[in-house]
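Colleague: I am new to this one, please walk me through it slowly.

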Amino acid sequence: MREVIKLNQNWNYVKTFDEQFIKGDFSGYDVQTVRLPHANQELPYNYFDEKDYQFISTYQRKFLIPLGKKGQKVFIDFEGVMTYGEVYCNGTFVGSHKGGYTPFSCDLTEVVQFGEENTIVVKVDSTERDDIPPFGNVIDYLCYGGIYRDVYLRFVNPVFVENIFAKPQHVLQKQKQLETTVYLRNSTDDECVVKVHVELTRDGEVIKTASDEVELNPAELTAVDVLMKDIENIELWSIDEPNLYYVTVKVKQDGQLIDTFTTRIGFREAVVKEDGFYLNGERLKIRGLNRHQSWPYVGYAMPERVQKRDADILKYELNLNTVRTSHYPQSKHFLNRCDEIGLLVIEEIPGWQHIGDDGWKKVACANVREMITRDWNHPSIFLWGVRINESPDDHEFYTETNRIARELDPTRQTGGIRCHWGSEFLEDVYTMNDFTHSGGELVLRDQKTVTQLDHYVPYIVTEYNGHMYPTKRFDHEERLMEHALRHMRVLSAAGDDPHIAGTIGWCAFDYNTHYEFGSGDRICYHGVMDMFRIPKFAAYAYSSQISPDRSLVLEPVTLWARGERSIGGVFPLVIFTNCDSVEIKVAGESLGHFYPDHENFSGVEYPPIVIRDTPPIFGEWGCHWYEGEFVGYVQGKAAAVKRFVKNPVPTTLSIEADDQVLEADGQDATRVVFKMLDQAGNILPYINDFVKITVQGPGQIIGPQEVALIGGCIATWIRTTGEPGTIRVQAASTRLVSEEIAVDAIEEGRYDGK
Ligand code: GAL
C-alpha cells in the first residue's frame with residue numbers, strides 16, 4: 001500500500017558542487033548535517049550582499065529501503081527546491097526541475113536497492129538563472145536558496161493514484177454533486193481493470209460514496225470522473241464557517257485494495273462579477289493584503305507552524321478576508337491553514353515584470369500546470385493568477401497560460417496581475433495594481449479608465465500604496481499616520497465603488513529585497529507589519545474593520561509625546577477603532593466624545609475618528625505634558641481603554657511566545673517577541689537597547705542571540721533541536737531582564753493540538 005515518509009532529517013550539506021559528490025565522494029569538503037526546511041545560507045537582518053546565497057550547493061541523504069517494499073514504485077517528492085534541482089540516486093541521474101516554487105517528483109524505482117542503503121544527491125542551483133522565472137531582470141524581492149520545503153519518500157503499488165481533483169457542483173442547491181477526477185497511473189506493461197471507489201467524509205463519518213470501473217492501458221495516465229449525486233446536508237465553506245470535508249479514493253484490483261488517496265475540500269461558490277465578488281451567492285468586498293513568504297535570517301525556510309501562523313496573523317490580527325500569494329505559489333501549509341480558517345486566496349505563477357525567451361515561457365507554462373494541479377482542491381483559492389506580475393501584454397503567451405488554466409480547472413476564474421492601462425483582457429477577472437493614490441484627492445481610478453473598455457468587467461485592485469509611501473515601524477509619527485490613512489482611504493474608495501470587487505494592498509509584511517529596491521538595506525518597508533510581523537499603525541486600518549462583538553479595536557495613532565511633531569502636540573489625531581465613540585481624557589479631564597468620520601470614509605464600516613483641531617489644553621507651547629486616556633464606547637458602555645503616561649520609562653521587558661508546545665522534531669519553531677514597555681504597557685518606540693536572548697534546553701535561536709531592539713521591540717524564532725524537553729527562554733537588556741518562559745518540545749506525533 002501507499003506509504004509516505006517525511007525525509008527532512010539528516011541531510012548532508014556542502015556549500016558547493018563537485019562531480020565527485022554524485023558518486024558519494026565528499027572527501028576534502030566541509031560537510032554539515034542539516035534539517036529541512038533549510039536555507040542554503042543564513043543571512044543578517046539587513047545590509048547583506050544578496051549574492052551571498054546565490055550559489056550552487058549539494059544536499060545528500062542516505063536512506064534504507066526495506067526489502068518488503070520490493071515490487072513497489074519508489075518516488076522522492078520535493079515540495080520546493082530553489083531554483084534548479086538536479087537529482088541523482090545511487091550515482092544515476094533521476095530527474096531535474098526548474099523553478100523553486102512548485103513541487104516535483106523523481107521515480108527512483110529502477111535505481112534503488114531494496115533491503116539496502118541508498119543515496120540521494122541533489123545539486124541545487126540557487127543563482128538567479130535567466131532561464132527560470134522570475135529571473136532575467138531585477139526583481140523586488142529575494143528568492144533565497146536551498147531545499148527550503150519538505151521532502152518525502154513515497155511508496156506506491158505499480159498501479160496508483162497520481163492526483164485527484166474533487167469538484168463540488170450545484171453548491172447553492174439543496175442537493176449537491178461532487179465530481180471527482182481521479183488520475184490513475186498504470187506503470188506496468190499490462191492492461192488492467194480497476195474499481196475506483198470515492199468516499200465523501202466529515203469527522204470520519206461517511207456522507208456519500210460513488211464508484212466506477214475503469215480499464216487502464218499499460219504505461220499510461222488515465223483520468224476517470226466519478227460523479228456523486230444528491231448529496232444533502234452539506235455545510236458550505238465560507239470565511240466565517242470554513243466547513244471542510246474529506247474525499248478519499250480507494251482503488252481495488254481483483255477485489256484487493258491497491259491504493260488510497262485523500263484530499264480535503266470545501267463546498268463553496270466563489271465568483272467575481274461585474275458588480276463585485278460573490279461567495280456562496282452573497283456579495284463580499286474583498287479586503288486583503290499581499291504576502292511574501294519570507295522571514296528574517298532564514299528567508300523562505302520556515303516550517304509548517306510558522307507558515308500557518310502567517311495565515312492566522314492575516315485573518316485574526318489584521319482581520320482580512322483575502323490574501324494574494326505575491327508573486328508565486330506558496331507553502332502548502334500556509335494554504336491549508338487558509339482553508340481551515342476561512343481566508344480567501346489569489347494564487348499566481350512566479351514572475352515579476354520580466355518575460356524571458358521561449359524556454360523561459362515554457363517553464364512559466366509548466367508553473368501554471370504545477371500550481372493548479374498542486375492546489376486545485378483548496379477551497380480558499382478562488383482565482384489563478386496566470387500572468388507574470390506587471391509584465392507587458394504578450395498575446396500568445398497569455399492566451400496559452402489562460403488556456404492551460406481553464407483546461408485544467410474549469411471551476412475557477414483566471415486573473416493576471418497588471419499595472420498598465422488598457423492591457424489586453426484575456427482573463428476572466430481584470431486584476432490591476434492601481435498605485436494612483438499619492439496622498440491627494442485621487443484614490444482609485446474608475447475601472448473603465450483602467451481597462452479602457454466600454455463596459456464593466458469583473459475587477460479587483462491587487463496592489464496599492466507600497467512604494468508610493470514606504471514606512472518603517474520606527475518612522476516619525478506623522479509619516480506613520482499618513483501611511484495608515486492612505487490604506488484607509490483606499491479601503492474606503494473601494495467600498496464606495498460597486499465595480500471594484502475589492503482591494504489587496506501592498507503589503508502585509510516588510511520583506512528583504514535587492515539593493516535596487518527598498519531602503520538600500522535590503523529591506524522593503526512596504527508592510528503594514530514589519531518583518532517580525534509586529535504592527536505599524538497602518539495595520540489598524542485593517543484590523544478595525546471587524547464587528548466589536550468579535551474583537552474590540554482602539555488604536556490612537558500617536559506615540560503620545562509633547563515634542564515629537566513639528567511645533568509639538570499630537571494633533572490632528574487619528575484613532576482606528578470599531579467603537580461607536582471614543583472619550584479622550586487628558587490629565588483626568590474629559591475632552592468629550594469623538595465619533596467616526598463617516599463623511600470622509602463612507603466606504604468602510606468602521607471609519608477612523610479624526611480630530612483635526614487641537615483642543616485648548618494642548619494649545620500653548622510650554623513645559624506641560626499630561627497623561628492621556630482613551631475610552632471606547634460600544635452601545636453606550638465603556639468597552640475598551642488605552643492609556644498613555646506623560647513620562648515614559650522602561651518598566652518591563654516583555655516576552656511572549658506564539659506557542660507553548662512544539663514538536664521535538666528539530667524543525668518545528670515558534671516566534672518569541674520581546675518588547676520594551678513603559679508604565680502603561682506601551683512600546684517605547686525609540687529605545688535602542690540591545691537584548692541578549694538565552695535559551696536553555698532543547699531549543700535553538702534562529703538568527704543572532706544578541707539583537708538591538710528595533711522601534712522598541714524585536715522577535716526571534718526558536719527551533720526545536722530534535723530532543724524532547726522544556727525549552728526555557730529569557731532576554732536581558734542593559735536595563736531590564738524579562739520573565740523566563742517555557743515552551744515544551746514534545747516527541748513527534750504526540751502533540752495533537754496542531
Ligand atoms: C509593485 C510590485 C510589487 C512591489 C510593489 C511595491 O509594482 O508588483 O512586487 O514591488 O510594486 O510597491
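Colleague: Okay, is Thr-513 buried or exposed?

Modeller: Thr-513 is buried, because its relative accessibility is 0%. Thr-513 sits in the loop between β31 (511-512) and β32 (523-524), where strands (E, at least two residues) and helices (H or I, at least four) are DSSP runs numbered from the N terminus.

Colleague: And what does Thr-513 touch there?

Modeller: Taking contact to mean heavy atoms within 4.5 Å, and leaving aside neighbours within four places in sequence, Thr-513 is in contact with Ile-139, Asp-140, Tyr-141, Leu-142, Gly-518, Arg-522, Ile-523 and Cys-524. With Asp-140 there is also a polar contact of 2.7 Å between the two side chains. A polar contact is a pair of N or O atoms within 3.5 Å; within protein, one must be able to donate a hydrogen and the other to accept it, and residues adjacent in sequence count only if both atoms are side-chain atoms.

Colleague: I can see a ligand too, so how many residues surround it?

Modeller: The ligand is surrounded by 13 residues, the closest being Asp-140, His-327, Trp-352, Glu-390 and His-467; a residue counts as near a molecule or strand if one of its heavy atoms lies within 4 Å of it. The shell divides into four nonpolar, six polar and three charged residues. In that scheme Ala, Val, Leu, Ile, Met, Phe, Trp, Tyr, Cys and Pro are nonpolar, Asp, Glu, Lys and Arg are charged, and the others, Gly among them, are polar.

Colleague: Which side chains have an N or O atom 2.5 Å or 2.8 Å from a ligand oxygen?

Modeller: An N or O atom in the side chain of Asp-140 is 2.5 Å from an oxygen atom of the ligand, and a polar side-chain atom of His-327 also lies 2.5 Å from a ligand oxygen. For the side chain of Asn-389, the separation between its N or O atom and a ligand oxygen is 2.8 Å. The protein covers 95% of the 310 Å² of accessible area that the ligand has on its own, with areas taken from the Shrake-Rupley method with a 1.4 Å probe; for residues, only the protein chains shown count as cover.

Colleague: New topic, the backbone: which peptide bonds are cis?

Modeller: The bond from Met-82 to Thr-83 is cis, with omega near 0 degrees, and Thr-83 is in the loop between β6 (81-82) and β7 (84-89). The bond from Phe-571 to Pro-572 is cis as well, with omega near -5 degrees, and Pro-572 belongs to the loop between β33 (554-556) and β34 (573-577). Most residues other than glycine have a negative phi, and most peptide bonds are trans.

Colleague: Where does Tyr-144 lie, then, and what is its phi?

Modeller: Tyr-144 lies in the loop between β10 (117-125) and β11 (146-147), and its phi is near 60 degrees, a positive value in a residue other than glycine. Tyr-144 is buried, because its relative accessible area is 4%. Asp-203, in the loop between β15 (192-202) and β16 (205-216), also has a positive phi, near 50 degrees, but Asp-203 counts as exposed because its relative accessibility is 72%.

Colleague: Last one: what is the mean pLDDT of the chain?

Modeller: The mean pLDDT, which is the predictor's confidence in each residue from 0 to 100, is 96 for the chain, and 98% of its residues reach 70 or more. Over residues 750-754, however, pLDDT stays under 50, and the model has seven contacts for them beyond four places in sequence. Where pLDDT is low, the predicted coordinates should not be read in detail.

Key
Residues numbered from 1 in each chain as written. Predicted model: local features only at pLDDT ≥ 70, side-chain atom pairs only at ≥ 80, totals over all residues. Heavy atoms only, no water. Buried < 20%, exposed > 50% of the residue type's maximum accessible area, 1.4 Å probe, protein only.
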